[in-house]
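Biologist: Before I use any of the labels on this model, I would like to hear what each of them rests on. Please set the value against the criterion each time.

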Amino acid sequence: MRTRLTERFGVEFPLFAFSHCRDVVAAVTNAGGFGVLGAVAYSAERLDEELTWIDAQVGGRPYGVDVLVPGKIDAAAAVPGARLPDLIPEAHRDFVDHLFRKYGVGGPGETGVVGAGSPEDAGDVGRRVTHEGATRLIDVALKHPIDLIASALGPPPPEMVERARAAGVPVAALVGTVEHAARQVAAGADIIVAQGTEAGGHTGEVSTMVLVPQVVDAVAPVPVLAAGGIADGRQVAAALALGAEGVWCGSVWLTTDEAETPPAVKRKMLAATSRDTVRSRSRTGKPARQLRSAWTEEWDGAPESPGPLGMPLQLLLAEEAMARVGRAAEAGAPGARELANYFVGQVVGQMNQVKPARQVVYEMIEEYADAVERLRAITDS
Ligand SMILES: Cc1cc2nc3c(=O)[nH]c(=O)nc-3n(C[C@H](O)[C@H](O)[C@H](O)COP(=O)(O)O)c2cc1C
């Protein structure tokens, strides 16, 4: 099949796979799609290692890197050189300790990152979503033969656009509203990822079905990828019918063999229905869709909750806490299993089986072909 984006990137199928896991990125690229590594999980040094590994796996096939560059962050955290852990109020640390006691989770003094990053990355995770942190990651990314830089949570900063342009690398920007899409194009984005509220991770309030055609019309001729709620080939066909030039998927990779998802969370995802996610500020400080769990319920509903901090302080607090929760959940602690969660979209209800990432891509291509055939039969009858 051919769209402007398959032509531009030389891929067989316009499937862009966002993942924090290098194995997923390489597997999707090698299966004829386009893998995009989420850089926020990594320090600059680790990112360099991950990209060197991907370079060796994909043999020149295209892949990209995604960074989070929030338009707005907590004012105190934005001060250069601020020590982020010192900015977390006592009341918020106390609430986490209270949750640990209530749910019987591990001893004090442990830190770590849930999922892909190493423990030494944990204290640093908050800093990577500041402007200066993202810039360091972009510097590393541009030293590799990447074919796309994507950014989320605000317009790509001018330096990012300039440096990407100088390197001949297109810039994609994620948006959740038609107004933001226009702003991103004005800021220099070459591709818009229109992401509906169904999506896992940071997300707005408008559904993919409603958002995509509006964004396509608003930014034409800039190409649009549809994101949010796409995990099989029928949904790819629907996205292309809405005017998108391809799709951008994040959740569906989380239950693949390769995924970084902690095992206790993977089990929850396999059992979850599409009603088991919630948009909550409790993991990062900004509304992000994730599995509903005791963590989201306590932060968002308990009378003693101090309420989530802003980004990046809530992210820092939650990553450290969730690393400990993850270890306790693996050790079999039932309370930790209640708290455990991770970002995932409403398509979690379709994710009922662990498969290799390659197989997910091949199945989507087949289902897409079937869907198109079905439409053709309807139209011709
Ligand atoms: C676990 C997870 C982490 C995510 N982290 C990021 C991120 O760091 N940067 C980003 O641009 N998007 C992030 N997203 C959003 C994805 O890029 C993508 O837009 C979204 O997953 C698409 O919707 P879907 O989840 O229904 O496939 C994340 C999504 C998930 C599921």
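Biologist: Why is Asp232 called buried?

Modeller: Buried means under 20% relative accessible area. Asp232 has 8% relative accessibility, so Asp232 counts as buried. This is a predicted model, and the values are computed from its coordinates.

Biologist: What makes Arg234 exposed?

Modeller: Exposed means over 50%. The relative accessible area of Arg234 is 60%, so Arg234 is exposed.

Biologist: Why is the contact of Arg234 with Asp232 called a salt bridge?

Modeller: The cut-off is 4 Å between a side-chain nitrogen of Lys or Arg and a carboxyl oxygen of Asp or Glu. The N to O distance for Arg234 and Asp232 is 2.7 Å, and their side chains meet in a salt bridge. In general, side chains of opposite charge can pair when their charged atoms come close. The structure holds 13 salt bridges.

Biologist: How do you know that Glu298 and Lys102 form a salt bridge?

Modeller: The closest N and O atoms of Glu298 and Lys102 are 2.7 Å apart, and the limit is 4 Å.

Biologist: What makes this pair a tie between separate parts of the chain?

Modeller: Glu298 lies in helix H12 (residues 294-301) and Lys102 in helix H4 (residues 90-103), so the pair ties together parts that are 196 residues apart in sequence. Glu298 is buried, at a relative accessible area of 7%. Lys102 has 48%, so Lys102 is partly exposed.

Biologist: Why are Arg46 and Glu50 said to be about one helical turn apart?

Modeller: Both are in helix H3 (residues 44-58), and they are 4 residues apart, which means a separation of about one helical turn. Arg46 counts as buried at 18% relative accessibility, and Glu50 counts as buried at 6%. Arg22, Arg46 and Glu50 are linked in a network of salt bridges.

Biologist: What makes strand S4 largely enclosed?

Modeller: 5 of the 5 residues of S4 are buried, so the rest of the structure largely encloses this strand. Leu148, Ala150 and Ala152 point one way from S4, while Ile149 and Ser151 point the other way.

Biologist: How do you know that S4 pairs with S3 and with S5, and in which sense?

Modeller: Pairing needs at least two bridges. Strand S3 (residues 63-68) is joined to S4 by 5 bridges, and the two run parallel. S4 (residues 148-152) and strand S5 (residues 171-175) pair in the parallel sense over 3 bridges. Ile149 is the bridge partner of Val65, and on the S5 side the partner of Ile149 is Val171.

Biologist: What makes up the barrel, and in which strand order?

Modeller: The closed barrel has 8 strands, in the order S1-S2-S3-S4-S5-S6-S8-S9, with parallel pairing. Neighbouring strands are turned by 25° against each other on average, direction ignored. Helix H9 (residues 208-219) packs on the sheet, where it touches S5, strand S6 (191-195) and strand S8 (224-227). The direction of H9 makes about 155° with that of S6.

Biologist: How do you know whether the length of helix H15 agrees with its residue count?

Modeller: At 1.5 Å a residue, the 24 residues of H15 (residues 357-380) should span 34 Å, and the end C-alpha atoms are 35 Å apart, so the two agree. Buried residues of H15 include Val360, Met364 and Tyr368. Among the elements that cover the buried residues of H15 are strand S1 (15-19) and helix H10 (233-241).

Biologist: What makes Leu153 stand out in its backbone?

Modeller: Leu153 has a positive phi of about 80° although it is not a glycine. Most residues other than glycine have a negative phi, and most peptide bonds are trans. Leu153 is in the loop between S4 and helix H7 (158-166). Its relative accessibility is 26%, so Leu153 counts as partly exposed.

Biologist: Where is the pLDDT below 50?

Modeller: The protein averages a pLDDT of 92, and 94% of the residues score at least 70. Over residues 109-123 the pLDDT is below 50, and this stretch has 40 contacts in the model beyond near neighbours in sequence. Where pLDDT is low, the predicted coordinates should not be read in detail.

Key: Residues numbered from 1 in each chain as written. Heavy atoms only, no water. Expected span 1.5 Å × (residues − 1). Buried < 20%, exposed > 50% of the residue type's maximum accessible area, 1.4 Å probe, protein only. Contact = heavy atoms within 4.5 Å. pLDDT = per-residue confidence, 0-100. Axes fitted to C-alpha atoms, helices over the stretch in contact; angles between N-to-C directions.
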